[in-house]
Amino acid sequence: MSGGDREAALRRLLEQGQRTVPPGIHAEAVRRGGRMLRRRALARRLLWLLLVAAAAAFAAWALTVQPWVEPPSETTPPLTGW
């Protein structure tokens, strides 16, 4: 569609005038928007809960395994009997 065709189509749309909006569309939009907001809030809460659970699991693992402690050396035998 070239620029002239687009302009002609737009002019035809604008010349048709205002179309009527179906009754009850505002209530339907508000209902759907409210539902969408509730779903987003629930998803956000679930993600925060998952993040807190993952942090707690990591903390429990780190306290149990203690990865910051150097493991004992197994390359040389203990010196006994000198």
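A residue is called buried when its relative accessible area is under 20%, exposed when that area is over 50%, and partly exposed in between, with a 1.4 Å probe and protein chains only. By that rule L42, at 48% relative accessibility, counts as partly exposed. The structure is a predicted model, in which local features need pLDDT of at least 70 and side-chain atom pairs count only at pLDDT 80 or more, while totals for chains, interfaces and linings use all residues. Residues are numbered from 1 along each chain as its sequence is written, and side-chain values use heavy atoms, leaving out hydrogens and water.

**Helices**
- Helices are DSSP runs of H or I with at least four residues, numbered from the N terminus, and α2 covers residues 25-65.
- From its first C-alpha to its last, α2 reaches 59 Å, close to the 60 Å expected at 1.5 Å a residue, where the expected span is 1.5 Å times one less than the number of residues.
- G3 belongs to helix α1 (residues 3-16) and is exposed, with a relative accessible area of 52%.

**Salt bridges**
- A salt bridge places a side-chain nitrogen of Lys or Arg within 4 Å of a carboxyl oxygen of Asp or Glu, and the structure holds three of them.
- In helix α1, E7 and R11 lie four residues apart, about one turn of the helix, and they form a salt bridge whose closest N and O atoms are 3.0 Å apart.
- E28 meets R31 in a salt bridge at 2.6 Å, N to O, and R32 in another at 3.1 Å, so that E28, R31 and R32 are linked in a network.

Key:
Helices (H or I, at least four residues) and strands (E, at least two) are DSSP runs, numbered from the N terminus.
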